[in-house]
Amino acid sequence: AHLADADRDTYLASLTPGASIDHRGTTFTEFLLDALLNALRDPTTGHPRLGDAGFWSATFEGDARFESATFEGDARFESATFKGDAGFWSATFKGDAGFGLATFEGDARFESATFKGHAEFGLATFKGDAGFRVATFEGPARFRSATFEGDAGFVSATFEDIAWFGSATFKDNAWFGSATFEDVAWFLSATFEGNAGFGSATFEGGAWF
């Protein structure tokens, strides 16, 4: 973000699909983020492919579009701020996905995303709608003490490992219809201020409310 145009172009040209990046604390405009992701775009799929991705405490001033991106290493978005919408539709996280303490000021879209490692959203704040419909969590999914101010949609999501929503707060509607919990579903001390829908959900492990 601080580089002159020529230096920035040189840096972006040095990146290849699957490269690891560390942009902790960086402020991204939509233009700058798009330029970064275009440099990491796999020509065979047309989608961004990242290695380890470090975005700790980064600020995304516009919409952050990571649709169909593949994170081959760990994706670290702890304490990041998304001022626009955060789009992670159909993204694949092969390592751990860290969004703890992140703030989503717009809508957060993780529909059809796949989390193969730990999915950490503890203490995250979702000020808009949070969409995790048809998402697959193969590792532990942790939403401990997260705050959902808009609708929280987990319809048809699959949790293959523990689903941890302890002390989470749902200020609007929380939809878990047709979700599948293959391990423990943990909602101890959660607060539902709007409608809470679990119709046709399947609990194969213990369900704690």
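Leaving aside its neighbours within four places in sequence, which residues is Leu40 in contact with? In this predicted model, the list takes in Leu15, Thr16, Pro17, Ala19 and Ile21, and it goes on with His47, Pro48, Arg49 and Leu50. Leu40 itself sits in the loop between H2 and strand E3 (49-50). Ser14 is 26 residues away from Leu40 along the chain, and the C-alpha atoms of the two are separated by 10.0 Å.

Next come the sheets. One of them is an open sheet built from nine strands, and its order reads E1-E4-E8-E12-E16-E20-E24-E28-E32. The pairing in this sheet is parallel. Strand E1 (21-22) and strand E32 (207-208) stand at the edges, and each has a single partner strand, so one side of each is left without a neighbour in the sheet. Gly54 has Arg76, in E8, as its bridge partner.

Another open sheet has seven strands, running in the order E6-E10-E14-E18-E22-E26-E30, again with parallel pairing. Here the edge strands are strand E6 (64-65) and strand E30 (196-197), and each of them pairs on one side only. Inside this sheet, strand E14 (residues 108-109) and strand E18 (residues 130-131) run parallel and are joined by two bridges. Across from Arg109 stands Gly131 in E18. As a bit of background, strands of a sheet pair through backbone hydrogen bonds, and they can do so either parallel or antiparallel.

Some residues in and around these strands deserve a look of their own. Ala163 belongs to strand E24 (residues 163-164). With a relative accessible area of 0%, Ala163 is buried. Not counting residues up to four places away in sequence, Ala163 touches Ala141, Phe181, Val184, Ala185 and Trp186. For one of these, Phe181, there is also a distance to quote: its C-alpha atom and that of Ala163 are separated by 7.3 Å, with the two residues 18 apart along the chain.

Thr59 is found in strand E5 (residues 59-60). Its relative accessible area is 19%, and because buried means under 20%, Thr59 still counts as buried. Its contacts, with neighbours within four places in sequence left aside, are Thr26, Thr27, Phe28, Thr81 and Lys83.

What about a charged residue such as Glu78: buried or exposed? Glu78 turns out to be buried, with a relative accessible area of 17%. Its place is the loop between strand E8 (75-76) and strand E9 (81-82). The side chain of Glu78 makes a polar contact of 3.3 Å with the side chain of Trp56. Beyond its neighbours within four places in sequence, Glu78 is in contact with Phe55, Trp56 and Ser57, and also with Gly98, Phe99 and Gly100.

Most residues other than glycine have a negative phi. Leu123 has a positive value, with phi near 65°, and Ser145 has a positive one too, with phi near 60°. Leu123 lies in the loop between strand E16 (119-120) and strand E17 (125-126), while Ser145 lies in the loop between strand E20 (141-142) and strand E21 (147-148). Both are partly exposed: the relative accessible area is 40% for Leu123 and 23% for Ser145.

Finally, there is empty space to talk about. Rolling a probe the size of a water molecule over the atoms shows where such space is left. The largest pocket holds about 160 Å³ of it. Helix H1 (5-13) and helix H2 (30-39) are the elements that give two or more residues to the lining of this pocket. H1 gives the most, with three residues. The lining is made up of Ala1, His2, Leu3, Arg8, Tyr11, Leu12, His23, Thr26, Phe28, Leu32 and Leu36. Sorted by class, that makes seven nonpolar, three polar and one charged residues. Thr26 and Phe28, both in this lining, are also among the contacts of Thr59.

Terms used
Residues are numbered from 1 along each chain as its sequence is written. This is a predicted model: local features need pLDDT of at least 70, side-chain atom pairs count only at pLDDT 80 or more; totals for chains, interfaces and linings use all residues. Side-chain values use heavy atoms; hydrogens and water are left out. On a 1 Å grid over the protein atoms alone, a cavity is a set of points where a 1.4 Å probe fits but cannot get out, and a pocket is an open set with protein on both sides within 12 Å along at least five of seven lines; lining residues have an atom within 4 Å of a point. Grid points are joined across faces, edges and corners, and a volume is the space filled by probe spheres set on the points. Helices (H or I, at least four residues) and strands (E, at least two) are DSSP runs, numbered from the N terminus. Ala, Val, Leu, Ile, Met, Phe, Trp, Tyr, Cys and Pro count as nonpolar, Asp, Glu, Lys and Arg as charged, and the others, Gly among them, as polar. Buried means under 20% relative accessible area, exposed over 50%, partly exposed in between (1.4 Å probe, protein chains only). Contact means heavy atoms within 4.5 Å. A polar contact is a pair of N or O atoms within 3.5 Å; within protein, one must be able to donate a hydrogen and the other to accept it, and residues adjacent in sequence count only if both atoms are side-chain atoms. Two strands pair if DSSP finds at least two bridges between them.
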